[in-house]
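Have the sequence and the 3D view open while you read.

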Amino acid sequence: MDQFFQQLINGLAVGGIYALVALGYTMVYGVLKLINFAHGDLFTIGAYLGMTLFVGMGLAGKAPVLVSVLLVALMVMGLVALLGRLLERAAYRPLRKAGRLSAVVSALGASIFFQNAVMLIWGGKYEVYPETMRPSVILSLFGMGVPLIRLIIIGVSVLLMLALYWFIDRTRTGTAIRAVAIDQSAARLMGINVDRIISLVFCIGPGLGGVAGMMVGLSYGQIDFNMGFSYGLKAFTAAVLGGIGNIPGAMLGGLLLGLIETLGAAYLTIAWKDALSFLVLILILIIRPTGILGERTAEKL
Amino acid sequence: MKRVRFPEGAKIPAVAVLIMIAALLPQVLNQYWIAVCVSVGLGALLSLSLNVILGQAGIFNMGHAAFYAVGAYVTAVLNTRLQIPVLWLLPAAGAAAGLCALLVARPIIHLRGDYLLIVTIGIVEIVRIALINDVGGLTGGANGIFGIARPEIFGVRIRRDIQFYYLIWGAVGLTVLLFSRLNRSRVGRALSCIKEDDIAAEGCGIDVARCKLLAFVLGASWAGMAGTLFAARMTIISPGSFTFWDSVLLFAAVILGGGSQAGVILGAFLVFGLPEIFRDFASARMLIFGLALMVMMVIRPQGILPPGSRRYDTGFLSRRERAAGDGRT
Amino acid sequence: MFQSTTGAGRRLILKKILMSVFVAAALCMLANPAVAGTVRIGLMCPLTGGWASEGQDMRRIISLLADEANKTGGVKGSRIELVVEDDGGDPRTAALAAQKLAAAGVVAVIGTYGSAVTEASQNILDEAGILQIATGSTSVRLTEKGLPYFFRTCPRDDEQGLAAARVIQGLGHKNIAVLHDNSSYSRGLADETRALLDKAKLNIVFFDALTPMERDYSAILTRLRASSPDMVFFTGYYPEAGLLLRQKREMGWNVPMLGCDADNNPDLVKIAGTAAAAGFMFISPPVPADLSTDRGKAFLDAYRAAYKEMPQSVWAVLAGDAFNVLVEALRHAGADSAAAAAYLKTGIGGYAGMTGTFSFDAKGDRVGDLYRLYEVNPEGVFRAISE
């Protein structure tokens with residue numbers, strides 16, 4: 001039983017990060033119906049920028065850890081958001097009227113480009129976050145050590161999800177975003193500046209991805225130029241599991257995927273755990289074709 | 001859509017010239033470029049088979065390497081254990097891959113595009129993990145299977161790359177021929193109808209699920225047979241050659257090509273050949289490749305050579321209309 | 001279909017794309033033949049992909065050594081020209097890289113790192129009659145095929161399995177957990193060691209694989225802990241080993257952990273953190289900093305002077321030694337693969353390289369036990385403790 005609780009917390013911690021990455025994914029998808037394959041690499045760039053800023057600004061020891069982490073998080077978010085916006089201008093906007101798959105291939109190209117750019121700029125080696133920035137507090141829960149940072153990550157994911165949900169659901173801009181998601185030309189007729197809304201979405205999504213990268217760096221210490229690939233794939237899976245385009249769905253999907261992986265590894269099989277999570281995904285999609293929280297849309301009727 | 005067309009008569013000499021060039025090319029290329037052409041040829045074969053699923057039927061399949069893997073492994077296992085000559089295994093590899101596709105696709109074929117995308121990604125990952133975990137003690141785990149025999153045609157053992165060049169590009173030619181016939185058949189027409197609008201297709205009395213399934217199984221079994229050729233060429237196969245990433249590249253080749261057969265072959269050239277051409281950039285070669293992929297897509301959003309619109313013999317319609325009109329008055 | 005560009009305009013764009021591709025292709029195909037008075041040596045290494053750092057180190061080291069060799073007379077008066085090709089850490093790319101090197105007219109190829117990657121190039125180079133010296137590929141079967149021109153400067157996995165079993169028995173642990181990562185290398189070593197430990201009547205309480213390239217291994221560690229082993233033997237690579245050590249400490253679990261030669265990289269300590277890495281043991285050929293030969297020390301100085309840091313990985317240093325023995329063979333036997341191969345097998349005995357003395361057996365394997373047991377000391381430095 002003890003082991004079960006331990007694994008439950010392990011699973012939630014893993015899932016928290018998936019959820020964080022999935023939020024950005026689902027945000028972009030919800031509005032543009034674009035699977036942004038470069039999201040994972042924006043996540044990587046966030047992780048590297050975070051490291052560079054921590055080291056470069058020499059914050060260690062000067063400011064309280066919490067203040068400097070928040071400061072760096074904001075900077076990373078801003079920089080990656082800017083990059084996301086540029087990416088949208090250069091690689092996606094010209095394709096908005098073309099078939100959806102053209103944009104997917106352009107996104108794949110962007111993903112290859114970013115991944116190799118990170119390798120050339122920062123090098124092919126594993127990099128490590130400065131020790132002083134990584135909160136080393138370890139709590140004791142159910143007789144096991146749980147690093148505080150894992151709990152913080154779950155907390156941050158939930159907070160960001162709630163903030164995003166509130167933003168989309170309650171604010172004027174959020175309403176405009178929803179309108180653009182439903183029908184771009186109708187939104188334009190209602191006086192919404194569609195290009196601006198899409199640019200905004202491409203700031204929020206990548207910005208969230210960048211912060212997620214930084215959180216992974218803080219939590220696990222180790223980063224490398226390849227890391228976006230597997231996190232991107234997992235986050236995409238999580239987003240689909242929860243119902244892609246749906247913000248609480250991304251959260252739910254992320255946590256669920258983390259739990260499936262961890263409990264699968266704990267009680268069934270370690271070597272097959274990724275196969276197991278894909279299998280569960282397929283089964284869920286067979287039962288609910290648009291994911292757990294996805295709306296059941298009768299198509300094109 | 002306006003489109004400049006060659007007169008029907010000019011097409012045949014053009015194709016003949018292309019075939020001539022393809023046949024003579026190995027005489028002027030060095031070993032390395034022949035090897036590149038062989039790997040592009042395999043890529044072209046796979047992209048053509050994916051084109052039936054993705055380009056013609058419009059099913060988002062990003063897990064094509066799974067079926068390729070099934071074909072290659074069936075070939076490798078049967079060849080190394082039972083010493084069955086490699087080329088005889090083509091039907092077995094095709095059937096096995098097709099069967100897998102049928103089993104997998106049946107419950108999911110009704111899913112919407114993006115959901116199908118992640119499911120096919122899931123399938124290719126499940127297959128890769130199964131191969132790595134040495135399922136049934138047959139696949140050799142991460143080491144894969146080695147010692148696959150070279151193929152033999154009419155007593156000639158195919159060993160050198162130049163021989164593989166003719167074998168594989170011959171297969172590409174045959175594929176183009178067969179698939180263009182398919183495209184003109186009843187099923188081909190039904191597929192393009194489904195791709196444009198599946199509700200309308202259903203309304204026209206087309207069994208959408210069945211047609212999609214047919215395209216899926218056909219494309220998959222073709223990929224399985226390409227797997228046989230791959231196994232024969234490499235003589236060693238391992239799970240590393242059948243990843244999600246390989247599926248992604250095939251996907252990119254089809255979309256980049258635009259969906260016509262010539263376009264897809266060109267797409268395969270770009271996706272599998274460009275990284276080789278960019279070799280002089282050393283560490284930066286994949287960076288340039290990624291950039292090229294983006295730029296090409298932005299310049300030609302519809303792909304390099306999208307299929308032309310179908311031309312039907314509409315003469316008889318107007319004749320019939322006239323006849324009907326006559327009857328009414 | 002989606003855009004209403006006119007047909008003529010589309011054709012023009014298409015023509016432009018095609019033309020530029022063909023021009024680029026044509027430019028690349030004009031393979032420049034070797035100039036008289038030079039000897040071409042190929043280096044095949046992962047410059048891109050997951051092992052890029054290994055390959056970039058290999059390239060650095062060998063270009064340094066090549067400059068040095070050219071200053072001391074090249075090969076019988078001919079200048080050595082290095083031709084570097086990227087294998088991407090991927091078998092298919094490697095097959096093409098090998099073809100490209102063969103077409104460039106190299107007399108020998110050095111490389112590469114991963115066993116499966118090397119394997120994809122072996123037949124191509126053998127058929128072309130080109131000498132190959134692998135540098136990080138430890139899989140047993142590479143030298144069991146009887147290829148006359150294939151050599152390697154690194155030890156084989158079965159030697160490492162023996163060393164691992166010896167160390168584990170020597171430490172006196174009874175219940176052993178074996179964790180691998182399902183890669184060709186890692187699985188092979190794990191199987192090898194398990195068989196030896198079974199024979200020695202030790203208890204294998206856990207045997208399974210983690211998924212490499214992930215960040216969170218707490219689920220596996222929790223399960224490992226439940227099997228209550230006296231020691232964990234991990235046969236995977238250093239990034240995962242570092243994370244395991246770190247997360248093991250975070251869980252407050254103090255079981256000793258033994259690693260293998262793939263953990264021989266100082267980044268392990270960086271990833272794990274000094275406190276978590278302290279006490280971790282691994283078996284490996286000597287780390288670069290431990291090169292005790294005169295040749296090795298001189299090389300370290302030269303490397304530091306050129307690149308302002310220490311070489312990271314012993315495998316890249318072994319690539320450097322592959323270059324050294326190759327030049328030695330070429331200097332004696334002339335720029336001819338067959339003669340050089342014969343010299344490597346019979347004549348080179350006792351050649352002093354950077355990682356020790358060299359001789360090769362009839363299979364092309366390096367003779368001699370390279371393995372030592374290392375421990376991470378409390379300052380986070382690798383320290384040899386035996387053999």
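What is the mean pLDDT of chain B, and what share of its residues reach 70 or more? The model is predicted. For chain B the mean pLDDT is 87, and 91% of the residues reach 70 or more.

**Confidence along chain B**

- Where pLDDT is low, predicted coordinates should not be read in detail.

**Fold of chain B**

- Chain B holds 13 helices and 4 strands.
- Its radius of gyration is 21 Å, close to the 20 Å that the globule rule gives for 329 residues, so chain B is as compact as a globular protein of that length.
- The C-alpha trace of chain B spans about 80 × 45 × 45 Å along its principal axes.
- Of the 329 residues in chain B, 54% count as buried.
- Take the contacts in chain B with a separation of 6 or more: 77% of them join residues 24 or more positions apart.

**Contact between chains A and B**

- Chain A puts 37 residues into the contact, and chain B puts in 34 residues.
- On the chain A side, the elements that give two or more residues are helix H4 (100-122), helix H9 (227-242) and helix H11 (273-287) of chain A.
- H4(A) gives the most to this side, with 12 residues.
- By class, the side of chain A that touches chain B has 27 nonpolar, 7 polar and 3 charged residues.

**Sheet in chain C**

- Chain C has an open sheet of 5 strands, in the order E2-E1-E3-E4-E5, with parallel pairing.
- Strand E2 (79-86) and strand E5 (150-152) of chain C are the edge strands, and each pairs on one side only.
- Neighbouring strands of the sheet are turned by 25° against each other on average, direction ignored.
- Strands of a sheet pair through backbone hydrogen bonds, either parallel or antiparallel.
- Inside this sheet, strand E3 (residues 108-110) and strand E4 (residues 131-134) of chain C pair in the parallel sense over 3 bridges.
- C:Ile110 stands opposite C:Ile133 in E4(C).
- Helix H4 (residues 115-127) of chain C packs on the sheet, where it touches strand E1 (38-45), E3, E4 and E5 of chain C.
- The direction of H4(C) makes about 165° with that of E4(C).

Notes:
Residues numbered from 1 in each chain as written. Chains lettered and ligands numbered in written order. Predicted model: local features only at pLDDT ≥ 70, side-chain atom pairs only at ≥ 80, totals over all residues. Contact = placed C-beta atoms within 7 Å. Nonpolar A, V, L, I, M, F, W, Y, C, P; charged D, E, K, R; others polar. Rg over C-alpha atoms; globule rule 2.2 N^0.38 Å. Buried ≥ 20, exposed ≤ 12 C-beta atoms within 10 Å, placed from the backbone. Pairing = 2+ DSSP bridges. Axes fitted to C-alpha atoms, helices over the stretch in contact; angles between N-to-C directions. pLDDT = per-residue confidence, 0-100.
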